[in-house]
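Subject: Structure handover

Hi,

Here is the structure I promised to pass on. Please open it alongside this note.

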Amino acid sequence: MGGNFLKDLLGSFFGGSDPEAQKKKVLKSIAKSLSKTKYKFYKMGSNEVDPSFAKFMFELYKAVSPAQAMIQSFENPNALKRLVLNRSLTEKQIEALDNISETAITELARKQPLKAVNEIVRGHMETFTSAYDSSRIARTDALYTKLMYFANFVQFDFYFTLKKFDNTIKEHEFTSVPKFSAINGSYIVEDLKNFIDVAWVLPFDTDWSDVFKLIKSTKGADPLPMGTWKKILARVKYLRDNHIIEMLIQLISENPLYRDEYMPKELYIVDDYIADIKKAADNTLEELQAKQTAGKVDGLLVQIFGTNEVEHLKYYNEAGSAPFERKGIGSFAYSEPLGYLKQFILDYIKKDIRELNDILTVRGEWANQQLATPMSDAFHSLVDISADITALDNSVNETVDLGLKMKTHLPRADRDKDSKGIIQSTLNQVNDTAGRQIKKAINLLISYDRNLKMILEDCVKKHQELILNWNDIDHFAEGQLKQMSIDAYKKIFAFVSLMQNFPIELTDEDE
């Protein structure tokens, strides 16, 4: 179908009843046009590329060889990017970068609170970014663009192409003139296209002094004499403007419709650089925050439970969450704090607080019984939450209910958007339920502690105004009612502090 299309197209362009004859006529015309240029690179009758082309490429190779070695001595393309970016920095920016390095931030965090460190880092980041006005960004991006075009051109594999004309040629050896022979054009047609890719995009009429100065500042010498580079640009520009390589490819491939399409691209590095610097600083701060939080959490766990190894929930836990996390679907977001909450209710609310609550709200004679009701209700609601947590935990068991639904859809989640969506929706549902349980429990604990505080403030008065029979009920606590209340207040306060290290974000706050 491609051949017929070509014939039809050529016929429509050039008329006549024989497209092949017309194509030959066009190719002959292209060969004639090529012969009128100053580079006679092609032998029409034999479809061979003339040794003069190899000689032309050898002269380019010899001229750019020192630059090729210089560019290749850089570790990788990122080294060139770093070279340009470093050159763009002001003294204030360099100082700001030093102050937001991982080492500097970590050291600062040893001396100041993390909140203050965040403010200081933000200030240095503002100093760094504000120095990059639009003009500086444009100059930096333009310099990098030219440098990469230069690097790509001088690193073209001239040796690979030239070896096809003389297989005895040695890489970077210029003491003797190679003996090039004509070769069938089909051997180098891809080389020609690759040359177009790196050569035609060069900005021929621009000032290259900034690129040469940049390389010299690092390597101690110009990559090649500026005069030589200008001559190379002029010769390559002549090839491009006169479509010489394009005509070569048309003749070799016998395709007069071939066009040397190329599209110069501006390269932009400053915006990404700023984003990377900010991300690195943010990551350092987040790691410090995570370590600080982990330290706080461990300390509070030991204070509350006597150990930082607290029993996990049975199914709503890290292990159960892992399959979803590996596929990037989501996770059991609140498995850690929900596990702590259940254990706190089982170990403390249902035991120590139950005893204290019975003494205060059942045996206590309140001046106004309505004042005791919130405290009693909070206790019983907290006990009920323990059962709710167990129900949620069991619901994600993969053999029943929500867990079975997610397990069923998990194998298809990579290729089936509906399955992935069902799992994500289910995870949101489960996490929202867990989040609401935690929020409710925290509010109940705060309410209970608020009442304990009022009781403690009242019990030191000469005449109690809340619980009128304090001395009587203290008997049931063996004279330790005040201390029991103090201990309970501190324990609940510590647990609420622990929970505040795990922010809750519901997908539907109104639900």
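Below is what was found in it, region by region.

First, the ground rules. This is a predicted model, where local features need pLDDT of at least 70, side-chain atom pairs count only at pLDDT 80 or more, and totals for chains, interfaces and linings use all residues. Residues are numbered from 1 along each chain as its sequence is written, and side-chain values use heavy atoms, with hydrogens and water left out.

**A helix pair**

Start with helix α3 (residues 51–73) and helix α12 (residues 226–241). Helices (H or I, at least four residues) and strands (E, at least two) are DSSP runs, numbered from the N terminus. α3 and α12 pack at about 150°, with axes 11 Å apart. Axes are lines fitted to C-alpha atoms, for helices over the stretch in contact, and angles run from 0 to 180 degrees between N-to-C directions. The two helices are therefore roughly antiparallel (angles over 145 degrees count as such). On α3, the contact uses Phe-56, Glu-59, Leu-60, Ala-63 and Val-64. On α12, Thr-228, Ile-232, Arg-235 and Leu-239 take part. Contact means heavy atoms within 4.5 Å.

**Nonpolar cores**

A nonpolar core is a set of buried Ala, Val, Leu, Ile, Met, Phe, Trp, Tyr and Cys residues joined through side-chain atoms within 4.5 Å. Buried means under 20% relative accessible area (1.4 Å probe, protein chains only). The largest core has 94 residues. Phe-53, Phe-128, Phe-150, Phe-153, Phe-158, Phe-195 and Trp-229 touch the most other members. α3 gives the largest share of this core, 12 residues. Another core, of 68 residues, lies apart from the largest one. Ala-372, Phe-379, Ile-385 and Leu-481 are among its members.

**Helix α13**

Helix α13 (residues 244–253) is mostly covered. Nine of its 10 residues are buried. Glu-246 and Gln-250 are among them. The cover includes α2 (19–35), β1 (42–43), β2 (48–49), α3, α10 (189–199) and α12. Just after α13, Glu-254 takes a positive phi of about 55°.

**His-409**

His-409 is in helix α18 (residues 401–409). Its relative accessibility is 15%, so His-409 counts as buried. Beyond neighbours within four places in sequence, His-409 is in contact with Ser-419, Ile-422 and Ile-423.

Best wishes

Methods: Angles under 35 degrees count as roughly parallel, over 145 as roughly antiparallel, 65 to 115 as roughly perpendicular and the rest as oblique. Buried means under 20% relative accessible area, exposed over 50%, partly exposed in between (1.4 Å probe, protein chains only).
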